[in-house]
Amino acid sequence: MKPKALIIANIEAFLLEPLTTAGFKFSPGQLTFKRARNEFVQAIHFQANRHNEEHVCVAFWSHYQVSSRSYTSWHKTRYGHEPANHIVGAVADWNIPNWQCASVDGEAHHQLVDPAQSATVMHCLRHNLQALALPWLVSACPIGKMPP
């Protein structure tokens with residue numbers, strides 16, 4: 001199976017149900033889950049390693065982002081100029097405190113090339129998503145107000 005297809009298959013097998021239950025919609029072509037919360041959009045993006053190769057490397061990372069269309073007007077009012085984008089907050093998985101990666105090769109990414117290890121990697125990722133990433137997304141978008 002091609003690396004991107006393998007990543008999508010594992011995301012769908014291990015993450016689709018808990019994240020859709022939490023209100024996220026999955027876009028397989030973009031490897032992204034998104035959900036709206038009032039004026040905020042929370043996104044979970046999986047970035048495939050550009051060096052992935054079938055049967056050699058199927059690595060990816062996860063990134064978390066909160067954006068808001070109203071952020072532009074808030075930023076302009078507060079700072080006198082428009083921001084570069086609509087992003088309120090963003091973080092890569094390795095920068096979330098207590099994130100544990102079930103890496104099979106000692107690297108700080110998720111590696112699915114070994115089918116015998118894939119379930120372990122994805123269970124660890126699901127645990128991190130539920131215990132660490134989702135709370136980070138919620139804390140990054142305080143409902144009803146922009147950050148100070």
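This is a predicted model: local features need pLDDT of at least 70, side-chain atom pairs count only at pLDDT 80 or more; totals for chains, interfaces and linings use all residues.
Are phenylalanine 33 and phenylalanine 46 buried or exposed? Both of these residues are buried, a word used here for under 20% relative accessible area, with exposed meaning over 50% and partly exposed in between (1.4 Å probe, protein chains only). Residues are numbered from 1 along each chain as its sequence is written, and side-chain values use heavy atoms, leaving out hydrogens and water.

**View 1. Phenylalanine 33 meets phenylalanine 46.** A search of the whole structure finds six aromatic pairs; rings of Phe, Tyr and Trp (its six-membered ring) pair if their centres lie within 6.5 Å, and planes under 30 degrees apart count as stacked, over 60 as edge-to-face and the rest as tilted. Here the ring centres of phenylalanine 33 and phenylalanine 46 are 6.3 Å apart and the planes stand at 80°, so this pair is edge-to-face. The pair links distant parts of the chain, with phenylalanine 33 in strand 2 and phenylalanine 46 in strand 3, 13 residues apart. Helices (H or I, at least four residues) and strands (E, at least two) are DSSP runs, numbered from the N terminus. Ring pairs also link Phe26, Phe33, Phe46 and Phe60 into a cluster.

**View 2. Serine 62 in strand 4.** Strand 4 spans residues 59-68 and includes serine 62. Serine 62 counts as buried because its relative accessibility is 0%. Its side chain makes a polar contact of 2.7 Å with that of tyrosine 64 and another of 2.8 Å with that of aspartate 93. Such a contact is a pair of N or O atoms within 3.5 Å; within protein, one must be able to donate a hydrogen and the other to accept it, and residues adjacent in sequence count only if both atoms are side-chain atoms. Leaving aside residues up to four places away in sequence, serine 62 touches several residues, among them His45, Trp99 and Leu125 (contact means heavy atoms within 4.5 Å).

**View 3. Asparagine 38 in a loop.** Look for asparagine 38 between strand 2 (32-37) and strand 3 (40-48). Its phi is near 55°, a positive value in a residue other than glycine. With 58% relative accessibility, asparagine 38 counts as exposed.

**View 4. Asparagine 98 in a loop.** This residue, asparagine 98, sits between strand 5 (87-92) and strand 6 (110-111). Phi of asparagine 98 is positive, near 70°, and at 64% relative accessibility the residue counts as exposed.
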